[in-house]
Amino acid sequence: MLSRVADSIYWLNRYVERAENIARFVDVNLNLLLDSPVVMTQQWAPLVMTTGDLDLFKQRYGEPNADKVIHFLTFDPSYSNSIISCLQAARENARSIREIISSEMWEQVNTFYLMVKDASQAQPFAQLPSFFAEVKMASHLFVGVTDATMSHNEGWHFGRLGRLIERADKTARILDVKYFILLPEVNYVGTAIDELQWIALLKSASGYEMYRKRQRRISPTDVAKFLILDREFPRSIQFCLLQAEHSLYQITQSSPGTWTNLAERTLGRLRSELDFITVEEIIQMGLHEFLDHIQTELNHVGHQISETFFAVELVKSSS
Amino acid sequence: MQFDQYNPGDFYDELFVTKGQPRPEAALLIERINSLSIEELQQRQQAAQNALFKLGVTFNVYSDNQGTERILPFDIIPRILSNQEWAWLERGLKQRIHALNLFLTDIYSDQKILKDSIIPRALIESASGFLKACIGLTPPQGIWCHVTGTDLVRDRNGQWYVLEDNLRCPSGVSYVLENRRVMKTTFPQVFGRMNIAPVDDYASQLLDALLNLAPPGLPEPTVVVLTPGMYNSAYFEHSFLAQQMGVELVEGRDLVVADGYLQMRTTKGLKRVDVIYRRIDDDFIDPLTFRADSMLGVPGLMDVYRAGRLAIANAPGTGVADDKVIYSYVPQMIRYYLGEDQILPNVPTFLCWESEQQKHVLNNLDQLVVKAAGESGGYGMLVGPHATPEQRAEFAGKIQTNPRNYIAQPTLCLSRVPTLFGDRFEGCHVDLRPYILYGKEIYVNPGGLTRVALRRGSLVVNSSQGGGSKDTWIVD
């Protein structure tokens with residue numbers, strides 16, 4: 001397929017997934033704060049910190065509070081990772097490849113975009129939780145429509161590759177929110193509040209019910225294990241890496257266990273690292289440090305995918 | 001009874017013979033509409049518009065740098081034509097396209113029609129659409145105009161005329177297909193009871209016409225649609241047609257000439273392209289041959305075309321045949337190449353480069369429509385009766401400075417179709433653009449795009465000037 005088209009379908013999926021995960025971010029924080037003692041209700045800076053854009057935020061908004069942070073992450077059109085910006089970018093990408101994706105996919109992206117745009121003009125703060133639920137559902141609808149109406153061809157695999165790399169990265173960041181929230185009050189570790197927080201976190205990753213089926217008891221180590229290493233839960237990092245790798249190999253037709261380009265090598269190495277690591281080793285290394293490492297590697301994979309498939313060198317390939 | 005108050009007045013109305021008396025082919029629809037409440041009609045109108053917006057059937061507004069998209073306003077009352085009348089129009093269109101294609105073949109090779117003094121040589125050589133670079137070229141299968149959108153109008157007496165031939169990159173067919181899709185959900189019962197000619201095979205016919213041009217012996221020729229990009233006003237249509245045909249939509253930056261072929265950049269390296277359906281004007285397709293500043297085309301594309309390794313639809317050079325001065329010679333072409341009389345008449349046209357006719361035009365500017373010969377889309381045009389004295393003086397000056405570039409025609413009183421305005425119907429002027437494909441045979445998509453002037457009393461149907469569209473039904 002055309003390099004430009006592969007690029008667009010990859011980013012279309014990344015942006016939709018990113019919008020969904022921003023909604024999860026804000027949601028996890030809202031949930032955590034609702035269940036927290038009053039002293040913690042101003043924990044909004046950590047949320048921006050996990051996006052990596054705290055400096056940018058402070059330049060524009062000053063000190064973080066709920067209204068400012070939610071506006072920044074949700075409706076700020078000048079912030080490129082806000083939900084509305086993601087949807088705008090997703091829609092632009094979809095518009096440039098409408099003949100590749102199914103009409104149903106386009107309709108869903110377009111409807112999704114218009115829904116967020118309408119919400120950004122209304123903005124009743126009281127209805128925000130239902131708004132984030134709608135964003136999540138719209139994203140799920142997009143994925144479902146994609147799976148059910150588009151041939152699972154090269155383009156579809158580029159889309160899934162983009163979506164899962166984005167999701168792996170964002171699950172890492174959602175876990176990190178807890179880390180930042182905990183920082184000021186280490187005393188809470190192991191208390192009832194702590195357990196409530198972990199539950200809220202699992203719920204925000206749509207993982208609470210599935211976690212219960214697997215682990216029953218809530219413990220920080222088990223939650224980390226579930227969200228990082230579980231091979232069956234579709235939002236766990238390892239699940240994402242396995243599926244992303246599968247799509248990458250479908251695209252290149254390389255044999256499993258080998259690599260023909262840097263994207264395959266970096267992704268394969270990260271996936272096999274998670275195959276054999278234990279959660280105890282992760283905790284020992286430091287959960288935050290480990291999540292940071294995963295995010296760095298995923299960034300590399302992203303660059304390498306772009307160099308391998310989207311920026312086709314003329315000289316190299318004229319055969 | 002929604003139509004009780006509707007009066008066609010002193011106009012040719014496409015749905016009514018006189019007040020209260022529908023044309024036979026429209027009777028069923030009128031009966032159905034009369035059975036609905038006005039609120040219900042308004043609701044369906046709104047639902048249809050919403051559906052089009054949701055489907056993204058939009059055009060971009062050039063002047064608006066926000067990248068705003070708008071839908072072409074859509075009216076749910078269709079224009080209806082009887083089968084018999086359509087059969088006659090179809091014959092006329094096929095005859096016309098046949099003759100125009102023979103003209104293009106001739107004008108870029110032997111130029112017999114010039115040698116026999118049917119058309120003055122000076123007119124051809126001064127036509128902006130005449131491309132010297134195409135002289136001596138024979139496009140695959142001898143076909144030049146693969147896709148044509150011919151504008152037809154009907155005057156106060158019900159007489160049909162050809163207003164202009166669009167042989168370069170006519171747009172609008174996507175509205176025909178999507179309007180129909182929406183209408184089926186708007187009036188499902190009517191579709192069940194009336195025998196309305198389907199339009200859906202357009203994409204298959206277009207693909208066949210394009211595949212017909214591929215070099216012989218290729219098991220799977222690659223066909224692409226070439227678009228200027230997503231900011232072009234007709235981008236939706238480019239992408240829609242590529243999708244409906246299942247071919248790649250490419251931009252100039254996706255293409256490169258390598259190893260003597262046109263190739264596209266893919267995730268697995270370069271891939272050869274055999275046929276392009278281009279939606280970019282001649283001037284822009286190859287900066288090495290035509291406009292050097294074009295960023296939209298592909299350097300070297302014309303060399304590949306000349307070498308016979310690429311088919312281009314429409315063929316470069318077709319613009320000479322829709323020059324508005326050349327247009328006035330189409331009846332002569334039909335006689336010259338086919339030995340037949342024209343079926344569809346032209347609008348009487350005054351050519352300003354002839355001094356007698358120019359004098360007549362200048363003396364009657366307040367009654368005529370003046371058009372620039374090489375323009376389209378309603379640009380470079382003066383509607384005399386609606387113009388100010390200053391505008392008329394300005395055009396008089398232009399005509400005298402560059403007489404070759406102007407023609408004038410009487411102001412036609414276009415036929416009308418009832419159109420929903422708020423809570424009642426008003427007659428609005430319409431034209432009709434059928435789409436004609438030249439593949440193995442000539443095919444005319446049944447119906448076409450009915451464009452409607454939505455500003456009260458306006459005769460201008462172009463989307464840039466407040467025009468909208470209607471579905472067009474050919475019925476038994």
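Where in chain B is the place of B:S117? Select B:S117 and you land in the loop between α4 (112–115) and α5 (121–125) of chain B. Helices here are DSSP runs of H or I of at least four residues, strands are runs of E of at least two, and both are numbered from the N terminus.

Before going on, a word on what is loaded. This is a predicted model, where local features need pLDDT of at least 70, side-chain atom pairs count only at pLDDT 80 or more, and totals for chains, interfaces and linings use all residues. Residues are numbered from 1 along each chain as its sequence is written, while chains are lettered from A and ligands numbered from 1 in the order in which they are written.

**Stop 1**

Next, pick B:A313 and B:N314, which are joined by a cis peptide bond with omega of about -15°. B:N314 sits in the loop between β14 (311–313) and α12 (324–327) of chain B. Most residues other than glycine have a negative phi, and most peptide bonds are trans.

**Stop 2: the domains of chain B**

Colour 16–86 + 170–198 + 434–475 of chain B for domain 1 and 350–410 for domain 2; such bounds come from an automatic or database domain assignment. The centres of these two domains of chain B, taken over C-alpha atoms, are 32 Å apart.

**Stop 3: confidence**

Now colour by pLDDT, the predictor's confidence in each residue, from 0 to 100. Chain B has a mean of 91, with 96% of its residues at 70 or more. Residues 63–67 of chain B fall below 50, and beyond near neighbours in sequence this stretch has two contacts in the model. A contact means that the C-beta atoms of two residues, placed from the backbone, lie within 7 Å.

Chain A averages 87, and 90% of its residues reach 70 or more. Its lowest confidence is in α16(A), at a mean of 44, and its highest is in helix α12 (residues 237–252), at 97. Over residues 315–319 of chain A, pLDDT stays under 50. For the complex, the predictor gives an ipTM of 0.74 and a pTM of 0.83.

**Stop 4: where the chains meet**

Show both chains: 20 residues of chain A are in contact with 20 of chain B. On the chain A side, α1 (3–34), α6 and α16 (314–317) each supply at least two residues, and α6(A) gives the most, with four. That side divides into seven nonpolar, seven polar and six charged residues. Nonpolar covers Ala, Val, Leu, Ile, Met, Phe, Trp, Tyr, Cys and Pro; charged covers Asp, Glu, Lys and Arg; the others, Gly among them, are polar.

**Stop 5: a helix pair with α6(A)**

Select α5 (residues 83–95) and α6 (residues 103–122) of chain A, whose axes come within 9 Å and cross at roughly 150°. Axes are lines fitted to C-alpha atoms, for helices over the stretch in contact, and angles run from 0 to 180 degrees between N-to-C directions. α5(A) and α6(A) are therefore roughly antiparallel, the word for angles over 145 degrees. Show side chains for the contact, including A:I83 and A:L87 of α5(A) and A:W106 and A:F112 of α6(A). By class, this contact of α5(A) with α6(A) has 10 nonpolar, three polar and two charged residues.

Terms used. Angles under 35 degrees count as roughly parallel, over 145 as roughly antiparallel, 65 to 115 as roughly perpendicular and the rest as oblique.
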